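Visitor: Please take me through one part of this model closely. I would like to look at a charged pair and its surroundings.

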Amino acid sequence: MNDNIDFEKNMDKLEEIVKKLEKGNLPLEESFKLFKEGLLLSQKLNNILNDIEGRITMLINNDEEVPFNLEEDKDV
């Protein structure tokens, strides 16, 4: 699924940006650019999650078969 690849790739990028910003040793302008990139990535990740949540909700509301066993998940 392409969403999963995009999600993982963008999540890795966001984690890299956060690590760089947490070090605190970047010039202000570079920090601003990284922050802006991180914000855009965060919005993209949120959109992917919202899309998947909507698809899951549609599956549940349409009484279609859910691709996992809820009983097995209770043991975790």
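Guide: Start with a definition: helices (H or I, at least four residues) and strands (E, at least two) are DSSP runs, numbered from the N terminus. Aspartate 51 and arginine 55 both sit in helix H2, which covers residues 28–61. They are four residues apart, about one turn of the helix.

Now a word on the source. This is a predicted model, where local features need pLDDT of at least 70, side-chain atom pairs count only at pLDDT 80 or more, and totals for chains, interfaces and linings use all residues. Residues are numbered from 1 along each chain as its sequence is written, and side-chain values use heavy atoms, with hydrogens and water left out.

Back to the pair. Side chains of opposite charge can pair when their charged atoms come close. A salt bridge here is a side-chain nitrogen of Lys or Arg within 4 Å of a carboxyl oxygen of Asp or Glu. Aspartate 51 and arginine 55 form one, and their closest N and O atoms are 2.8 Å apart. By this rule the count is one salt bridge.

How covered are the partners? Buried means under 20% relative accessible area, exposed means over 50%, and partly exposed is in between (1.4 Å probe, protein chains only). Aspartate 51 has a relative accessible area of 39%, so it is partly exposed. Arginine 55, at 33%, also counts as partly exposed.

A nonpolar core is a set of buried Ala, Val, Leu, Ile, Met, Phe, Trp, Tyr and Cys residues joined through side-chain atoms within 4.5 Å. The largest one has seven residues: Phe7, Leu14, Ile17, Leu34, Leu41, Leu45 and Ile48. H1 and H2 are the elements that give two or more residues to this core. H2 gives the most, with four residues.

Look across to helix H1. Methionine 11 is found there. Its relative accessibility is 28%, so methionine 11 counts as partly exposed. Methionine 11 and glycine 38 are 27 residues apart in sequence, and their C-alpha atoms are 9.7 Å apart in space. Glutamate 15 also belongs to H1, which spans residues 2–23. At 42% relative accessibility, glutamate 15 counts as partly exposed.

Finally, step back to the whole chain. It has three helices and zero strands. From the N terminus on, the elements run α-α-α. Of its 76 residues, 13% count as buried.
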